[in-house]
Amino acid sequence: MTSKHDASMFQKLIIISAWASILALGFATLTHIGFVYSIYYKLAPLLMGPGMRVYVHFEHVIAFAIFGALFAFAYPRRVIFVCSVVFIVAIALEYLQTLTPDRHGTPIDAFEKVVGGTLGILVAHATVWFTQTRRRSHN
């Protein structure tokens with residue numbers, strides 16, 4: 001009984017994390033550009049000093065891969081819903097950047113975010129599939 005309750009609580013935590021990640025991505029995407037630079041300057045030495053442009057491209061892909069994976073784990077049987085949320089959020093946030101005075105939204109940035117979200121969704125679904133297959137083979 002306890003393990004089912006724990007699994008249910010963990011699933012709820014994943015769902016809350018997935019929706020909260022939209023807020024985090026929105027803040028990071030729409031806040032003053034100085035916020036992005038401050039994170040870059042703290043992380044760059046740990047990442048072997050990539051240039052700002054390289055860092056930003058990887059940041060887009062990695063952030064949205066995590067976002068896509070969270071939604072895929074939160075809603076594993078609702079692939080169309082997950083893809084819709086991830087793609088709409090990626091494109092909407094990039095568009096909203098064009099409305100801020102110090103940021104700029106570009107099609108390549110939107111593409112990077114969609115690709116990152118897609119990778120996250122694929123990895124999450126592969127993980128779920130392998131886990132279920134492994135459980136079945138052990139029973």
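**Figure 1. Aromatic pairs in the predicted model.** Across the whole of this predicted structure, a search identifies 8 aromatic pairs. One of the pairs joins Phe 27 and Phe 35, whose ring centres are 5.2 Å apart and whose planes meet at 75°, so this pair is edge-to-face. Planes over 60 degrees apart count as edge-to-face. Phe 27 counts as partly exposed because its relative accessibility is 48%. Phe 35 is likewise partly exposed, with a relative accessibility of 30%. A pair of aromatic rings is described by the distance of the centres and the angle of the planes.

**Figure 2. The pair formed by Trp 129 and Phe 130.** Trp 129 and Phe 130 form an edge-to-face aromatic pair. The distance from centre to centre is 4.8 Å, and the angle between the planes is 70°. Phe 130 has a relative accessibility of 53% and therefore counts as exposed, given that the class of exposed residues begins over 50%.

**Figure 3. An aromatic cluster and a charge over a ring.** Six residues make up one aromatic cluster: Trp 19, Phe 64, Phe 67, Phe 71, Tyr 75 and Phe 81. Phe 81, a member of this cluster, also has the charged end of Arg 78 over its ring. The charged end of Arg 78 lies 4.5 Å from the centre of that ring.

**Figure 4. The largest nonpolar core.** This core comprises 20 residues. Those with the most contacts inside the core are Phe 64, Phe 67, Phe 71, Val 82, Val 86 and Val 89. Two or more residues of the core come from each of helix 1, helix 3, helix 4 and helix 5. Helix 3 gives the most, with 7 residues. Phe 64, Phe 67 and Phe 71 also belong to the aromatic cluster.

**Figure 5. The largest pocket.** The space in the largest pocket amounts to about 700 Å³. Its lining consists of 31 residues, and those nearest the centre of the pocket are Val 36, Val 56, Glu 59, His 60 and Arg 103. Two or more lining residues are given by each of helix 1 (2-30), helix 2 (33-43), helix 3 (52-74), helix 4 (79-97) and helix 5 (107-138). The largest share, 11 residues, is that of helix 3. By residue type, the lining of the largest pocket divides into 17 nonpolar, 7 polar and 7 charged residues.

**Figure 6. The second largest pocket.** About 550 Å³ of space is found in the second largest pocket. Of the 13 residues that line this pocket, Gln 11, Phe 73, Pro 76, Val 128 and Gln 132 lie nearest its centre. The elements that give two or more residues to the lining are helix 1 and helix 5. Helix 5 supplies the largest share of this lining, namely 6 residues. The lining of the second largest pocket contains 6 nonpolar, 5 polar and 2 charged residues.

**Figure 7. Ala 24 and Ala 63.** Ala 24 is located in helix 1. With a relative accessible area of 48%, Ala 24 is partly exposed. Along the chain, Ala 24 and Ala 63 are 39 residues apart. Their C-alpha atoms are separated by 10.0 Å in the model.

Notes
Residues numbered from 1 in each chain as written. Predicted model: local features only at pLDDT ≥ 70, side-chain atom pairs only at ≥ 80, totals over all residues. Heavy atoms only, no water. Phe/Tyr/Trp six-rings, centres within 6.5 Å; stacked < 30°, edge-to-face > 60°. Buried < 20%, exposed > 50% of the residue type's maximum accessible area, 1.4 Å probe, protein only. Lys NZ or Arg CZ within 6 Å of the ring centre and 35° of its normal. 1 Å grid on protein atoms, 1.4 Å probe; cavity = no way out; pocket = protein on both sides within 12 Å on 5 of 7 lines; lining within 4 Å. Points joined across faces, edges and corners; volume = space filled by probe spheres on them. Helix = DSSP H or I, 4+ residues; strand = E, 2+ residues; numbered from the N terminus. Nonpolar A, V, L, I, M, F, W, Y, C, P; charged D, E, K, R; others polar. Core = buried A, V, L, I, M, F, W, Y, C linked by side-chain atoms within 4.5 Å.
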